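This briefing goes through selected features of the structure shown below. The points are grouped by topic.

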Amino acid sequence: MNMDTIMTSILLNNLEGFFFGSGKAHVVTGVALMILCGLAISLWRMDRKLSRLEDEVRSQKP
Amino acid sequence: MKGTLNWIWKGGGILLLAYVILWGFSTPLQPGLVSCSPSQLGLDEETITLTAVGQPFARDGEVPEDFNLVLRSGKQLLRTEVTAVSPHTLEARVNVPPTLPTRGLDAFLLTPTAGTLFLGNACFVEDAAKGDIPAAMALSKPDDPTPALGFSFPFQPNIMESIRNLLWHVPMWFAMFFIMGLGFVASLAQLRTDSAGWDHRAEAAVHTGLIFGLLGLATGSLWARWTWGAWWVSDPQLNGALVTVLLYSGYLILRAAMGDDDRVGRLAAVYNVFAFVMLVILLMVLPRYTESLHPGKDGNPGFNSYDLDNSLRAVFYPAVIGWGALCYWMYTLRLRMNRLAYRLLTQ
């Protein structure tokens, strides 16, 4: 199944229908994407916190 | 400007990984034959059933006109008659001759859409005498059909659907090599300059590289279980990978054991230089001189044209860049933590 077929499947059926397609293999894709999103968000938050800390330390420097 | 560029490569890496997950899991596998039933044939008319996995090679109820199943014994071909086809199975009638060049029969299934599917030693004829296939049952080589499959991953025996693990396992090791290489350069620079900055870089690189090394070991072990049949086999590539990870664990233990000792930076740098040399020897040099189960063949642990095709490359290369970017992002975070901790401790 290529990307066009996936998009058509989502548009024609509902989301539930999409996740039941291809023997529910899309559920695995969905879970993997969620894990990636979680990882990306946690790294992004850590990055921002570090930037704030760096700014604070820099501003305290005599 | 610098901040924007930073977010572009970080976001780009995550987007590439999202692309890899989408394409990697949704691309169908090309069909491949996995079994033949019964596996032992008598000297009579027999009906055999071939089972395939991957993309369906036919629709339900399709008339099997264009399907041709040929059995090969030695260099001679045996005629069969296809009687039924379903998306993943094919039924055929075969008149087993009393004489065959070899007792083992290879199956070639010629299909109009999926091309030619092959199953080596599909079945055996124990009672067959050694001799040529009678002319009436023999077949001349049919023309190979041109496959009309869309974008799909190649079928490889044993590996089958697990070929998708290539997009996780291999790029994780590549990311580890890359970041350990950075650590090696940082340690060399540390030895030259005795600067804390280079020591921070080396520590961050080893710390991040070790995470990817452990992930590489875990994904490889899981893959080995369902392709080679065991969680771990005594293979030079696998043992080399384990020793490398243990060596780098030793680097972190050394640092922790020395605490705030002033010599920790230089000692750790010397250790890291040797650890990287061992990584190159154990993972890149030794496996090439020994027989290995790991792809590819003849003791060459690298990937070649037999293991990768263009459809896999279209996802594999983005995976290498994506995992590399994620690894580098994690390295920069660790490095900034090291710098902050150092600044707070020395203030």
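**Helix packing and overall layout of chain B**

In helix 4 of chain B, the residues B:Gly240, B:Ala241, B:Val243, B:Thr244, B:Leu247, B:Tyr248, B:Tyr251, B:Leu254, B:Arg255 and B:Met258 meet B:Val264, B:Leu267, B:Ala268, B:Tyr271, B:Asn272, B:Ala275, B:Met278, B:Leu279, B:Leu282 and B:Leu283 in helix 5 of chain B. By class, the residues of this contact between helix 4 and helix 5 of chain B are 16 nonpolar, 3 polar and 1 charged. The model is predicted. Chain B is divided into domain 1 (32–139) and domain 2 (160–346).

**Helix 4 with helix 5**

- Helix 4 of chain B covers residues 236–258 and helix 5 of chain B covers residues 264–285; the two pack at an angle of about 175°, with their axes 9 Å apart.
- Because the limit for this class is over 145 degrees, helix 4 of chain B counts as roughly antiparallel to helix 5 of chain B.

**Helix 1 with helix 6**

- The angle between helix 1 and helix 6 of chain B is about 140°, and their axes are 8 Å apart.
- With that angle, helix 1 of chain B is oblique to helix 6 of chain B.
- The crossing of helix 1 and helix 6 of chain B is left-handed.
- On the side of helix 1 of chain B, the contact is made by B:Trp9, B:Lys10, B:Gly12, B:Gly13, B:Leu16, B:Leu17, B:Tyr19, B:Val20, B:Trp23 and B:Gly24.
- On the side of helix 6 of chain B, the contact is made by B:Val315, B:Pro318, B:Ala319, B:Ile321, B:Gly322, B:Ala325, B:Leu326 and B:Trp329.
- The residues of the contact of helix 1 with helix 6 of chain B comprise 13 nonpolar, 4 polar and 1 charged.

**Contact between the chains**

- In the contact between the chains, 16 residues of chain B meet 18 residues of chain A.
- Helix 1 (2–26) and helix 6 (310–346) of chain B are the elements that give two or more residues to the side of chain B that touches chain A.
- Helix 1 of chain B gives the most to that side, with 7 residues.
- The side of chain B that touches chain A has 12 nonpolar, 2 polar and 2 charged residues.

**Domains**

- Taken over C-alpha atoms, the centres of domain 1 and domain 2 of chain B are separated by 47 Å.

**Five-stranded sheet**

- An open sheet of chain B is formed by 5 strands in the order 9-8-3-4-11, with antiparallel pairing.
- Its edge strands are strand 9 (115–124) and strand 11 (138–139) of chain B, each of which pairs on one side only.
- Strand 8 (residues 104–111) of chain B runs antiparallel to strand 9 of chain B, and 7 bridges join them.
- A hairpin through 3 residues joins strand 8 of chain B to strand 9 of chain B.
- Within this pair, B:Leu109 stands opposite B:Leu117 in strand 9 of chain B.
- B:Leu78 stands opposite B:Ala138 in strand 11 of chain B.

**Four-stranded sheet**

- Another open sheet of chain B has 4 strands in the order 1-2-6-5, and the pairing is antiparallel.
- The edge strands here are strand 1 and strand 5 of chain B, each pairing on one side only.
- Neighbouring strands of this sheet are turned by 25° against each other on average, direction ignored.
- Strand 5 (residues 81–85) of chain B pairs with strand 6 (residues 89–95) of chain B in the antiparallel sense over 4 bridges.
- The hairpin that joins strand 5 of chain B to strand 6 of chain B passes through 3 residues.
- B:Glu81 stands opposite B:Arg93 in strand 6 of chain B, and B:Ala84 stands opposite B:Glu91 in strand 6 of chain B.

**Backbone geometry**

- The peptide bond between B:Ser37 and B:Pro38 is cis, with omega of about -5°.
- B:Pro38 lies in the loop between strand 1 (32–37) and strand 2 (45–53) of chain B.
- B:Asn121 has phi near 45°, a positive value in a residue other than glycine.
- B:Asn121 is placed in strand 9 of chain B.

Technical notes
Residues numbered from 1 in each chain as written. Chains lettered and ligands numbered in written order. Predicted model: local features only at pLDDT ≥ 70, side-chain atom pairs only at ≥ 80, totals over all residues. Axes fitted to C-alpha atoms, helices over the stretch in contact; angles between N-to-C directions. Parallel < 35°, antiparallel > 145°, perpendicular 65-115°, else oblique. Contact = placed C-beta atoms within 7 Å. Nonpolar A, V, L, I, M, F, W, Y, C, P; charged D, E, K, R; others polar. Pairing = 2+ DSSP bridges. Left-handed = near helix turned anticlockwise from the far one by under 90°. Domains from an automatic or database assignment.
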